[in-house]
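Hello,

Here is the structure I promised to pass on to you. Please have it open while you read, and my notes on what turned up in it follow below.

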Amino acid sequence: MKQGGTAVSYAASVATTRKAAPGRVRIAIQKSGRLTDNTLALLGRCGYRYSRGRDDLVCFGENMPVDLLLVRDDDIPGLVAENVCDLGVVGQNVLAEKNHMLARDGRALPVEVRPLRYGHCRLSLAAPREEQFGAVNNLNGKRIATSYPEILGQFLNDVGADASIVELSGAVELAPRLGRADLVCDLVSTGGTLAANGLTEVLCLMQSEAWLVRAPSRHDDPTCRDWMTRLLQRLDGVMQVDESKYIMLHAPGDALNRITSLLPGSETPTVVPLSGNDDKVAVHAVCRENVFWETLENLKAAGASSVLVLPVEKMLL
(Lines give C-alpha, C1' and ligand atoms only; values in the text may rest on other atoms or scores of the structure.)
Protein backbone atom coordinates (compact mmCIF):
# COMPACT_ATOMS: atom_id res chain seq x y z
CA MET A 1 0.00 0.00 0.00
CA LYS A 2 1.30 3.44 -0.86
CA GLN A 3 2.51 5.23 2.23
CA GLY A 4 1.52 8.87 2.41
CA GLY A 5 -0.82 8.44 -0.57
CA THR A 6 -4.49 7.99 -1.15
CA ALA A 7 -4.58 4.38 0.04
CA VAL A 8 -3.57 5.46 3.54
CA SER A 9 -6.32 8.09 3.55
CA TYR A 10 -8.85 5.48 2.42
CA ALA A 11 -7.71 3.09 5.13
CA ALA A 12 -7.91 5.81 7.77
CA SER A 13 -11.41 6.70 6.62
CA VAL A 14 -12.53 3.08 6.90
CA ALA A 15 -10.85 2.63 10.28
CA THR A 16 -12.78 5.63 11.58
CA THR A 17 -16.02 4.21 10.17
CA ARG A 18 -15.33 0.82 11.75
CA LYS A 19 -14.65 2.34 15.15
CA ALA A 20 -17.79 4.46 15.02
CA ALA A 21 -20.01 1.65 13.70
CA PRO A 22 -18.69 -1.84 14.50
CA GLY A 23 -20.33 -4.92 13.04
CA ARG A 24 -20.52 -3.57 9.50
CA VAL A 25 -19.25 -5.24 6.34
CA ARG A 26 -16.89 -3.14 4.21
CA ILE A 27 -16.67 -3.56 0.44
CA ALA A 28 -14.00 -1.80 -1.64
CA ILE A 29 -15.13 -0.80 -5.13
CA GLN A 30 -13.73 1.39 -7.87
CA LYS A 31 -14.50 5.05 -7.20
CA SER A 32 -14.96 5.84 -10.88
CA GLY A 33 -14.29 3.84 -14.00
CA ARG A 34 -15.57 1.03 -16.14
CA LEU A 35 -16.63 -1.21 -13.21
CA THR A 36 -18.36 1.36 -10.99
CA ASP A 37 -21.83 1.58 -12.51
CA ASN A 38 -22.14 -2.16 -13.03
CA THR A 39 -21.05 -2.88 -9.45
CA LEU A 40 -23.54 -0.42 -7.96
CA ALA A 41 -26.28 -1.83 -10.20
CA LEU A 42 -25.46 -5.40 -9.14
CA LEU A 43 -25.59 -4.49 -5.45
CA GLY A 44 -28.85 -2.65 -6.08
CA ARG A 45 -30.33 -5.83 -7.54
CA CYS A 46 -29.34 -7.54 -4.29
CA GLY A 47 -31.59 -5.06 -2.47
CA TYR A 48 -28.80 -2.78 -1.27
CA ARG A 49 -29.62 0.89 -0.65
CA TYR A 50 -27.04 3.45 0.42
CA SER A 51 -26.35 7.09 1.11
CA ARG A 52 -23.03 8.72 0.31
CA GLY A 53 -20.93 10.35 3.00
CA ARG A 54 -19.75 13.94 2.89
CA ASP A 55 -16.24 13.05 1.81
CA ASP A 56 -17.57 10.86 -1.03
CA LEU A 57 -15.23 8.06 0.06
CA VAL A 58 -17.81 5.91 1.84
CA CYS A 59 -21.36 4.89 0.91
CA PHE A 60 -23.27 3.93 4.04
CA GLY A 61 -25.76 1.07 3.77
CA GLU A 62 -29.26 2.16 4.76
CA ASN A 63 -30.97 -1.22 4.90
CA MET A 64 -27.96 -3.51 5.51
CA PRO A 65 -24.88 -3.16 7.74
CA VAL A 66 -22.78 -2.92 4.58
CA ASP A 67 -20.65 0.07 3.59
CA LEU A 68 -18.86 0.74 0.31
CA LEU A 69 -15.37 2.20 0.25
CA LEU A 70 -14.81 4.15 -2.98
CA VAL A 71 -11.15 3.81 -3.96
CA ARG A 72 -8.72 3.61 -6.86
CA ASP A 73 -8.96 0.19 -8.47
CA ASP A 74 -5.28 -0.61 -7.90
CA ASP A 75 -5.72 -0.02 -4.14
CA ILE A 76 -8.47 -2.63 -3.81
CA PRO A 77 -6.33 -5.83 -3.66
CA GLY A 78 -4.14 -4.36 -0.92
CA LEU A 79 -7.07 -3.10 1.16
CA VAL A 80 -8.73 -6.52 0.98
CA ALA A 81 -5.50 -8.46 1.54
CA GLU A 82 -4.82 -6.44 4.70
CA ASN A 83 -8.37 -7.03 6.02
CA VAL A 84 -9.09 -3.31 5.93
CA CYS A 85 -12.05 -4.27 3.72
CA ASP A 86 -13.94 -7.55 3.90
CA LEU A 87 -14.82 -7.78 0.21
CA GLY A 88 -13.73 -6.08 -2.99
CA VAL A 89 -14.71 -5.87 -6.64
CA VAL A 90 -11.74 -5.58 -8.97
CA GLY A 91 -10.71 -6.45 -12.52
CA GLN A 92 -8.63 -9.59 -12.99
CA ASN A 93 -5.93 -7.52 -14.67
CA VAL A 94 -5.47 -5.32 -11.58
CA LEU A 95 -5.79 -8.32 -9.24
CA ALA A 96 -3.10 -10.27 -11.09
CA GLU A 97 -0.75 -7.28 -11.20
CA LYS A 98 -1.09 -6.50 -7.50
CA ASN A 99 -0.98 -10.17 -6.45
CA HIS A 100 2.47 -10.45 -8.03
CA MET A 101 3.63 -7.58 -5.82
CA LEU A 102 1.93 -8.88 -2.66
CA ALA A 103 3.37 -12.36 -3.14
CA ARG A 104 6.86 -11.01 -3.76
CA ASP A 105 6.64 -9.13 -0.45
CA GLY A 106 5.47 -12.27 1.36
CA ARG A 107 2.03 -10.82 2.10
CA ALA A 108 -1.33 -12.56 2.11
CA LEU A 109 -3.41 -12.44 -1.06
CA PRO A 110 -7.11 -11.67 -1.49
CA VAL A 111 -9.22 -14.80 -1.88
CA GLU A 112 -11.00 -15.01 -5.23
CA VAL A 113 -14.71 -15.69 -4.67
CA ARG A 114 -16.36 -15.57 -8.09
CA PRO A 115 -16.36 -13.82 -11.48
CA LEU A 116 -19.10 -11.21 -11.92
CA ARG A 117 -19.47 -11.41 -15.72
CA TYR A 118 -18.96 -7.73 -16.55
CA GLY A 119 -16.03 -5.45 -17.26
CA HIS A 120 -14.69 -7.80 -19.93
CA CYS A 121 -11.44 -6.77 -21.60
CA ARG A 122 -8.04 -8.25 -22.35
CA LEU A 123 -4.43 -7.33 -21.73
CA SER A 124 -2.63 -7.47 -25.05
CA LEU A 125 0.54 -6.57 -26.87
CA ALA A 126 0.07 -4.09 -29.70
CA ALA A 127 2.51 -2.93 -32.35
CA PRO A 128 2.52 -0.08 -34.86
CA ARG A 129 0.30 -0.99 -37.81
CA GLU A 130 3.11 -0.78 -40.34
CA GLU A 131 5.36 -3.28 -38.53
CA GLN A 132 5.29 -7.06 -38.90
CA PHE A 133 5.20 -8.75 -35.51
CA GLY A 134 5.72 -12.38 -36.49
CA ALA A 135 6.38 -14.40 -33.32
CA VAL A 136 7.32 -13.80 -29.68
CA ASN A 137 11.03 -14.19 -30.44
CA ASN A 138 10.72 -10.91 -32.34
CA LEU A 139 10.36 -9.23 -28.92
CA ASN A 140 14.08 -9.59 -28.25
CA GLY A 141 15.67 -6.18 -27.93
CA LYS A 142 12.31 -4.38 -28.05
CA ARG A 143 11.01 -1.76 -25.63
CA ILE A 144 7.46 -2.40 -24.39
CA ALA A 145 5.47 0.33 -22.64
CA THR A 146 2.89 -0.78 -20.07
CA SER A 147 1.08 -0.02 -16.82
CA TYR A 148 1.31 -3.72 -15.95
CA PRO A 149 5.03 -4.41 -15.50
CA GLU A 150 4.51 -7.44 -13.23
CA ILE A 151 2.26 -9.34 -15.64
CA LEU A 152 4.36 -8.36 -18.64
CA GLY A 153 7.59 -9.28 -16.84
CA GLN A 154 6.21 -12.73 -15.99
CA PHE A 155 5.12 -13.24 -19.59
CA LEU A 156 8.52 -12.25 -20.98
CA ASN A 157 10.21 -14.57 -18.52
CA ASP A 158 7.88 -17.45 -19.44
CA VAL A 159 8.54 -17.13 -23.19
CA GLY A 160 12.23 -16.34 -22.74
CA ALA A 161 12.05 -12.99 -24.50
CA ASP A 162 14.79 -10.43 -23.82
CA ALA A 163 12.78 -7.20 -23.97
CA SER A 164 12.88 -4.13 -21.76
CA ILE A 165 9.82 -2.79 -19.93
CA VAL A 166 8.99 0.91 -20.00
CA GLU A 167 6.61 1.52 -17.11
CA LEU A 168 4.01 4.24 -17.70
CA SER A 169 1.02 5.16 -15.56
CA GLY A 170 -1.15 6.41 -18.43
CA ALA A 171 -1.38 7.20 -22.16
CA VAL A 172 0.51 3.99 -22.87
CA GLU A 173 -0.73 3.88 -26.46
CA LEU A 174 1.19 7.09 -27.24
CA ALA A 175 4.59 5.61 -26.35
CA PRO A 176 5.56 4.34 -29.84
CA ARG A 177 4.53 7.62 -31.46
CA LEU A 178 6.66 9.52 -28.93
CA GLY A 179 9.64 7.23 -29.51
CA ARG A 180 9.59 5.86 -25.97
CA ALA A 181 8.73 2.26 -26.91
CA ASP A 182 8.47 -0.14 -29.83
CA LEU A 183 5.31 -1.89 -28.62
CA VAL A 184 2.71 -1.45 -25.90
CA CYS A 185 1.06 -3.85 -23.48
CA ASP A 186 -2.31 -2.39 -22.55
CA LEU A 187 -5.98 -3.14 -21.89
CA VAL A 188 -8.15 -3.64 -24.97
CA SER A 189 -11.94 -3.63 -25.08
CA THR A 190 -13.00 -2.78 -28.63
CA GLY A 191 -9.59 -1.94 -30.06
CA GLY A 192 -10.74 1.54 -31.05
CA THR A 193 -8.11 3.35 -28.98
CA LEU A 194 -5.34 1.25 -30.48
CA ALA A 195 -6.58 1.88 -34.00
CA ALA A 196 -6.81 5.61 -33.35
CA ASN A 197 -3.14 5.60 -32.41
CA GLY A 198 -1.98 3.51 -35.36
CA LEU A 199 -1.56 0.30 -33.35
CA THR A 200 -2.64 -3.27 -34.04
CA GLU A 201 -3.28 -5.94 -31.41
CA VAL A 202 -0.83 -8.79 -31.95
CA LEU A 203 -0.98 -11.04 -28.88
CA CYS A 204 -3.36 -11.46 -25.93
CA LEU A 205 -1.64 -12.03 -22.58
CA MET A 206 -4.77 -12.50 -20.48
CA GLN A 207 -8.54 -12.13 -20.51
CA SER A 208 -10.09 -10.07 -17.72
CA GLU A 209 -13.44 -9.40 -16.09
CA ALA A 210 -14.64 -8.13 -12.72
CA TRP A 211 -14.11 -10.47 -9.78
CA LEU A 212 -15.42 -10.49 -6.24
CA VAL A 213 -12.60 -11.08 -3.73
CA ARG A 214 -12.60 -11.40 0.05
CA ALA A 215 -10.14 -10.85 2.87
CA PRO A 216 -7.87 -13.82 3.65
CA SER A 217 -8.77 -13.82 7.36
CA ARG A 218 -12.16 -14.95 8.63
CA HIS A 219 -14.13 -12.04 10.10
CA ASP A 220 -14.25 -12.20 13.92
CA ASP A 221 -17.67 -10.53 14.13
CA PRO A 222 -20.55 -13.06 13.78
CA THR A 223 -22.93 -10.35 12.54
CA CYS A 224 -20.53 -9.44 9.75
CA ARG A 225 -20.00 -13.10 8.86
CA ASP A 226 -23.76 -13.60 8.67
CA TRP A 227 -24.26 -10.57 6.41
CA MET A 228 -21.38 -11.57 4.16
CA THR A 229 -23.00 -14.98 3.73
CA ARG A 230 -26.38 -13.41 3.01
CA LEU A 231 -24.90 -10.95 0.53
CA LEU A 232 -23.07 -13.72 -1.32
CA GLN A 233 -26.29 -15.75 -1.48
CA ARG A 234 -28.09 -12.76 -2.95
CA LEU A 235 -25.31 -12.23 -5.49
CA ASP A 236 -25.56 -15.87 -6.51
CA GLY A 237 -29.34 -15.56 -6.78
CA VAL A 238 -29.13 -12.45 -8.94
CA MET A 239 -26.45 -13.85 -11.21
CA GLN A 240 -28.22 -17.19 -11.60
CA VAL A 241 -31.11 -15.43 -13.29
CA ASP A 242 -29.10 -13.24 -15.66
CA GLU A 243 -29.68 -15.68 -18.50
CA SER A 244 -32.53 -17.68 -16.95
CA LYS A 245 -36.04 -17.70 -18.34
CA TYR A 246 -39.26 -19.17 -17.05
CA ILE A 247 -41.01 -21.15 -19.79
CA MET A 248 -44.65 -22.23 -19.77
CA LEU A 249 -46.16 -24.29 -22.56
CA HIS A 250 -48.74 -26.91 -23.44
CA ALA A 251 -47.51 -30.29 -24.59
CA PRO A 252 -49.23 -33.41 -25.95
CA GLY A 253 -48.77 -36.26 -23.51
CA ASP A 254 -47.10 -38.49 -26.10
CA ALA A 255 -44.55 -35.74 -26.95
CA LEU A 256 -43.70 -34.75 -23.37
CA ASN A 257 -40.28 -36.43 -23.21
CA ARG A 258 -39.23 -35.02 -26.57
CA ILE A 259 -40.34 -31.49 -25.63
CA THR A 260 -38.73 -31.45 -22.15
CA SER A 261 -35.44 -32.62 -23.69
CA LEU A 262 -35.40 -29.41 -25.75
CA LEU A 263 -35.61 -27.08 -22.72
CA PRO A 264 -32.09 -25.61 -22.35
CA GLY A 265 -30.37 -25.97 -18.99
CA SER A 266 -33.55 -27.04 -17.23
CA GLU A 267 -33.95 -29.23 -14.18
CA THR A 268 -36.94 -31.59 -14.05
CA PRO A 269 -39.87 -29.44 -15.16
CA THR A 270 -43.21 -29.15 -13.41
CA VAL A 271 -45.96 -31.00 -15.31
CA VAL A 272 -49.59 -30.12 -14.55
CA PRO A 273 -52.71 -31.75 -16.05
CA LEU A 274 -54.87 -29.42 -18.10
CA SER A 275 -58.47 -29.17 -16.96
CA GLY A 276 -60.85 -30.74 -19.44
CA ASN A 277 -58.07 -31.95 -21.75
CA ASP A 278 -56.73 -35.45 -21.19
CA ASP A 279 -54.42 -35.28 -24.19
CA LYS A 280 -52.28 -32.30 -23.11
CA VAL A 281 -50.37 -31.15 -20.04
CA ALA A 282 -48.95 -27.79 -18.95
CA VAL A 283 -45.16 -27.69 -18.58
CA HIS A 284 -43.38 -25.10 -16.44
CA ALA A 285 -39.58 -24.90 -16.27
CA VAL A 286 -36.73 -22.54 -15.37
CA CYS A 287 -34.14 -22.61 -18.12
CA ARG A 288 -30.67 -21.48 -17.03
CA GLU A 289 -29.34 -21.06 -20.53
CA ASN A 290 -30.27 -18.64 -23.28
CA VAL A 291 -33.62 -19.29 -24.88
CA PHE A 292 -33.28 -18.41 -28.56
CA TRP A 293 -35.91 -18.19 -31.27
CA GLU A 294 -34.56 -21.48 -32.60
CA THR A 295 -35.41 -23.07 -29.24
CA LEU A 296 -39.02 -21.91 -29.51
CA GLU A 297 -39.27 -23.08 -33.10
CA ASN A 298 -37.92 -26.51 -32.15
CA LEU A 299 -40.41 -26.76 -29.28
CA LYS A 300 -43.27 -25.91 -31.63
CA ALA A 301 -42.05 -28.44 -34.19
CA ALA A 302 -42.04 -31.08 -31.45
CA GLY A 303 -45.70 -30.38 -30.69
CA ALA A 304 -45.61 -27.63 -28.05
CA SER A 305 -48.21 -24.87 -28.14
CA SER A 306 -49.05 -21.70 -26.17
CA VAL A 307 -45.34 -21.20 -25.42
CA LEU A 308 -44.68 -18.31 -23.04
CA VAL A 309 -41.20 -17.09 -22.02
CA LEU A 310 -40.87 -14.84 -18.96
CA PRO A 311 -37.86 -13.18 -17.31
CA VAL A 312 -36.76 -14.34 -13.87
CA GLU A 313 -36.01 -11.56 -11.38
CA LYS A 314 -34.65 -13.48 -8.36
CA MET A 315 -33.86 -17.08 -7.53
CA LEU A 316 -32.47 -18.79 -4.41
CA LEU A 317 -31.28 -22.34 -4.83
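The largest pocket is lined by 38 residues, and those nearest its centre are Arg-72, Asp-73, Asp-74, Lys-98 and Ser-147. A pocket here is an open set of points on a 1 Å grid over the protein atoms alone, with protein on both sides within 12 Å along at least five of seven lines, and lining residues have an atom within 4 Å of a point. The elements that give two or more residues to this lining are α3, β5 (87-91), α4, α5 and β10, and α4 gives the most, with 6 residues. Helices (H or I, at least four residues) and strands (E, at least two) are DSSP runs, numbered from the N terminus. The volume of the largest pocket is about 1,000 Å³, where a volume is the space filled by probe spheres set on grid points joined across faces, edges and corners. By class, its lining has 15 nonpolar, 9 polar and 14 charged residues. Ala, Val, Leu, Ile, Met, Phe, Trp, Tyr, Cys and Pro count as nonpolar, Asp, Glu, Lys and Arg as charged, and the others, Gly among them, as polar.

Before going further, please keep in mind that this is a predicted model, in which local features need pLDDT of at least 70, side-chain atom pairs count only at pLDDT 80 or more, and totals for chains, interfaces and linings use all residues. Residues are numbered from 1 along each chain as its sequence is written, and side-chain values use heavy atoms, with hydrogens and water left out.

The second largest pocket holds about 250 Å³ of space. Its lining has 14 residues, and Ser-217, Arg-218, His-219, Arg-225 and Met-228 are the closest to its centre. Helix α7 (residues 222-240) provides the largest share of this lining, 4 residues. The classes here are 4 nonpolar, 4 polar and 6 charged residues.

What lines the largest cavity, which has about 60 Å³ of space? The lining includes Ile-27, Thr-39, Leu-87, Tyr-118 and Leu-235. Three elements, α2 (36-45), β5 and α7, each supply at least two residues of it, with α2 giving the most, 3 residues. This lining divides into 10 nonpolar residues, 1 polar and no charged.

Now to the cores. In soluble globular proteins, nonpolar side chains tend to be buried together. A nonpolar core is a set of buried Ala, Val, Leu, Ile, Met, Phe, Trp, Tyr and Cys residues joined through side-chain atoms within 4.5 Å; buried means under 20% relative accessible area, exposed over 50%, and partly exposed in between (1.4 Å probe, protein chains only). The largest core has 32 residues, and Leu-125, Leu-139, Ile-144, Leu-152, Phe-155, Leu-156 and Cys-185 touch the most other members. Two or more residues each come from β4 (66-71), α3 (76-81), α4 (92-104), β7 (121-128), α5 (149-159), β10 (183-188) and β11 (199-208). Of these, α5 gives the most, with 4 residues. A second, separate core of 27 residues includes Met-64, Leu-87, Leu-116 and Leu-235.

Finally, the charged pairs. A search of the whole structure finds 11 salt bridges, each a side-chain nitrogen of Lys or Arg within 4 Å of a carboxyl oxygen of Asp or Glu. In one of them, the side chains of Asp-86 and Arg-26 meet at 3.3 Å, N to O. Asp-86 sits in the loop between α3 and β5 and Arg-26 in strand β1 (residues 25-30), so this pair links distant parts of the chain, 60 residues apart. Asp-86 counts as buried at 6% relative accessibility, and Arg-26 counts as buried at 5%.

Arg-122 and Glu-201 form another salt bridge, with their closest N and O atoms 2.7 Å apart. Because Arg-122 lies in strand β7 and Glu-201 in strand β11, the pair ties together parts that are 79 residues apart in sequence. Arg-122 is partly exposed at 21% relative accessible area, as is Glu-201 at 29%. Arg-72, Asp-74 and Asp-75 are linked in a network of salt bridges.

Best wishes

Notes. On a 1 Å grid over the protein atoms alone, a cavity is a set of points where a 1.4 Å probe fits but cannot get out, and a pocket is an open set with protein on both sides within 12 Å along at least five of seven lines; lining residues have an atom within 4 Å of a point.
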